Amino acid sequence: MIKLHINNQPYSVDASPQMPLLWVLRDMLGLTGTKFGCGMAQCGACTVHLNGEAVRSCVTPVSRAANQQITTVEGLSTDLTHPLQQAWLQEDVLQCGYCQSGQLMSAAVLLREKPDPTDEDIDRAMSGNVCRCGTYPRIRKAIHLAAKIQREGGKS
Amino acid sequence: MNNPSTVSRRKFLQTTTTFAGGLLIPFFVSAGAKRMGMLGALGAAEAAGADSAVAFAPNAYLGIGRDNSVHIILAHVEMGQGVWTTLPMLIADELDCDWNKIKVGHAPPAQPYYHTMFGIQITGGSSTTWSEFDRYRQAGATARAVMVAAAAQQWGVAPEACSTADGYVIYNDKKLSYGELADAAAKIPPPANVPLKPASEWKYIGKGVKRLDTSEKINGKARFGMDVQFPGLLTAVIARPPVFGAQLKRFDAAKAKTVAGVRQVVAVPSGVAVIADHFWAAKQGREALVVEWDIEPSLQIDTPGQWAAYRGLTEQRGAVAAKAGDAQDALSKAADKVDVEYTLPYLAHACMEPLNCTVKIANDKCEIWTGTQMPGLDQGAAAKILGFKPEQVEVHTMFLGGGFGRRATAASDFVSEAVEVAKASGKAVKTVWTREDDIRGGYYRPAFLHRVRVGLGEDKMPVAWHHSIVGQSILAGTPFEAGVKDGIDGASVEGVNDSPYMGHVPNHLIELHSPKNKIPVLWWRSVGHTHTAFVMETMIDQLAHSAGKDPVEYRRTLLKDHKRPLSALNLAAEKAGWGTPLPAGHFRGIAVHDSFGSAVAQVAEVSVEKGKVRVHRVVCAIDCGLAVNPDGVAAQMESGIIFGLTAFLYGNISLDKGRVRQGNFHDYKMVRMQEAPAIEVFIVPSTEKMGGAGEPGVPPLAPAVANALFAATGKRIRNLPVKPEDLS
Amino acid sequence: MQRTNSPTWWRPRAALFTFCIAGALSVAAVAVRPADDAARSERAISQAAFQAVYKVLMSPRCMNCHPNGDIPLQGDDSHLHTMNVTRGVDGKGVYALKCSNCHQVANTPGLNMPPGNPTWHLPPADMPMVFEGRSPRELALQLKDPNQNGHKTLQQLLDHVSKDALVLWGWKPGDGRTLPPLAHAEFVKQFKTWVSTGAVAPNE
């Protein structure tokens, strides 16, 4: 059994150590907010936080996550109060929405490490996340807004 | 009329089939009402009498719960384009309900949800908003009239004396909420032909509201087809032929069955299904599967060979799509001639959510959960496979993680396959495509070759235009084949034969060749316009330059009698500062194109560094008539621009002995954040007929960028995707 | 961002090396006086050894993480790493695009899957140790310069190329990746020869 701490909840799973974290989250634990897009770390739809870093869960063996802290989009906030979620709502960012869990998880690391990101920072942080609907201009705008919300004391 | 609550689901489907589509609003009956209850409160509301269960449903499109919840059922599906919000806006403006009480759900396949123009249940053709503009407003207005009647009855006053606002009927100091009135309203027959509000009273239409689907799509709760789960559900991954049209020769499942979690390996018409406890096991099982295929030599197409064959066809006479004067004679006499060829490759849709479909067959019932643009056809396809009647098949349409046309195949390809898997295995199975399955799975935008021969007169204006188009028909060989008239699939020539420019060319001949092969092709966001706009708008740019005219001025001359493209062109040029100085190394290009009832013009600002194209800014103007949700229209323009840019820079599906070379996002690349231009969208204030928004943003992008690249490098791009060597 | 990577920049040509090595050996073969001859011969041996080392260092498996610029290279064609991946101060990437977000402790199986190693990284920003675009002479001089080689002695460099896990990864690069042109043992041998013969930089 592999022990995982996901969104501050303990879980035990009987999975092969090589099984990607993505499929453990989705198919074993029912946490379907994290998406499958490519299976080879190309699109970022499966991005989750492993000890705070935006790992691509589709290529991360679950063994790497054993006894570590995992946060998925379900745990970004319990009530849509993360500055990014507020900004996403305000800017009407998403379209089909399928990539957005990954976009949010990537953006969350950026905001933590660079509370006032430039456009170049956004390019350097977010180019691993593909959006086929092309919401990039709005994601960019929303990240700037989220930075502002965060600075002004919004919950993070 | 039966009492709605006593009509069975089967009866519902039977009765509703007697209604024509159009603007008639059939009475809504129990099955759908139950569904609305389900939508309302995650199943809990199904318990009889629960407050959020629908107590009042005057028609198929909305119902009202005792808790004031307004349940809106969408005849069209949400795949990113925003109908989850736009259709409720139409209802809300007539119903005067509380916007925050709205709950939205997808409709089951049923006649009331047939497209008002296309006659089947389909989301496509950038048509949702204009095609539902009257029907959904009418649905809201009818419901409001019943609410008012119920309140008036209760108060003993004239309905005309009552007003409505935010989910209440009001009379002087009295007010009753729609929820309080729902049970009484259910007893009142809905009136016909309720008058609609004048535009001056619209609160939402033309102004816009925030999307209704954001919250659940940013906290992981939204359920796409991929997210369907229930106890006992297995996952299948299919081994499909490596070459289109190849047949299964034999397979050996022994090794696959040793993979932990693999439960079953079964042959299905499309290949061999490996069924397992979860996706990972199924995929590993497929890797361990030994399969042999029969591959006929004729199936082993190479892309260069295919282009050569297409090129050869341009020397032959094709089916005539449009004709005026004598193009060939005029060409031979023209003072100046242009004879150029364009190639535009196969393109995959690459929706972010890989295709998937969940099927559960139990006794005489089949349930399907998937993201689909044509739930009704899928229902019929499933019924046919199972020997069921359509009403024995229930389709639950989930959120679509992108569609772009891929989730609308006439053959219901991925749904049929999933039904076959469930049938063959006897289990409830979710069939999941990997990204490689998706990229290599066909249903591409057909590869097209255009040869354009233009003769110029003394005034440098075109006097002859001979245009030969070669590419597979999307409709041929499908149940929609009747759409091919006299050898012309309109989807192959749209944008050329109806180009506003063609009217200025006294001698023109547009010919089409529709070669056949086994590569499945399909509509791909903006369909024929994906290639025709590129050809027409780069040709016009070239002709403008040969005439020594400014490309905007040249187009203005040709479009002077075409109000919509002209207004879009003028607005885009103005907002982009056409003709004003740019930073060093930056260049502009423009294109304008009419498609799906809207005209869109775009100005691209580009630079080229070491063969690398950078698009810095795109200014876009659209005339779509009334923009119901202006920010939604802007979002679709942005989306179309990025989609078009991906195709221009990277889009290419190529074949090597019939095998698709590309497989995932490393070799079928997408535009990413660092390449995304700044985009500005302007909507032409317009009273023209309503057009679409989902697709028309795509066509002008590639020619606008190519024209900017000509300004930058003097090179004409005629083969997509652009290659660095084409720019030096 | 200053972007100096250039995929079409100078690239080593196998033919050129053959010529250089052959040239060096033929110089060594021309004897004048015994003492001079020995010195000249050792110098030639050193230079030839470095040419062999250089071939390895400039192979995609080594050079891709020693780019001329802030973006690592990818693939046998050494194209710029897609996704706008950048070095970061410590060489481990930035924000949501840190190396270890995709690169695991071992190669992920399959073609075009992320290769992996426990210490996957680029040289840090203050010591970028650029290989890409360097001529044999430039690279040799750079390797010998403690201010450009991570403050290492030649012996420490030798240890590094002999034992460092990331260097060794180059010879176990995962599915579909070409190996460096020399076996690791041969590479180390040539490196050792270069060091023991005075670490002479090639003439060009």
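Is B:Phe404 buried or exposed? B:Phe404 is buried, with a relative accessible area of 11%; buried means under 20%, exposed over 50% and partly exposed in between, using a 1.4 Å probe and protein chains only.

A quick word on the source: this is a predicted model, where local features need pLDDT of at least 70, side-chain atom pairs count only at pLDDT 80 or more, and totals for chains, interfaces and linings use all residues. Residues are numbered from 1 along each chain as its sequence is written, chains are lettered from A and ligands numbered from 1 in the order in which they are written, and side-chain values use heavy atoms, with hydrogens and water left out.

Helices (H or I, at least four residues) and strands (E, at least two) are DSSP runs, numbered from the N terminus.

| Residue | Phi | Loop in chain B |
|---|---|---|
| B:Asn363 | about 55 degrees | β15 (356–362) to β16 (365–370) |
| B:Phe404 | about 55 degrees | β17 (393–397) to α11 (413–425) |

B:Asn363 counts as exposed, at 75% relative accessibility.

B:Pro721 sits in the segment after α18 (701–713) of chain B.

Then there's a sheet. In chain B, three strands make an open, antiparallel sheet in the order β5-β6-β7; strands pair if DSSP finds at least two bridges between them. At the edges are β5 (163–165) and β7 (174–177) of chain B, each pairing on one side only. Three bridges join β5(B) to β6 (residues 168–171) of chain B, and B:Ser163 stands opposite B:Ile170 in β6(B).
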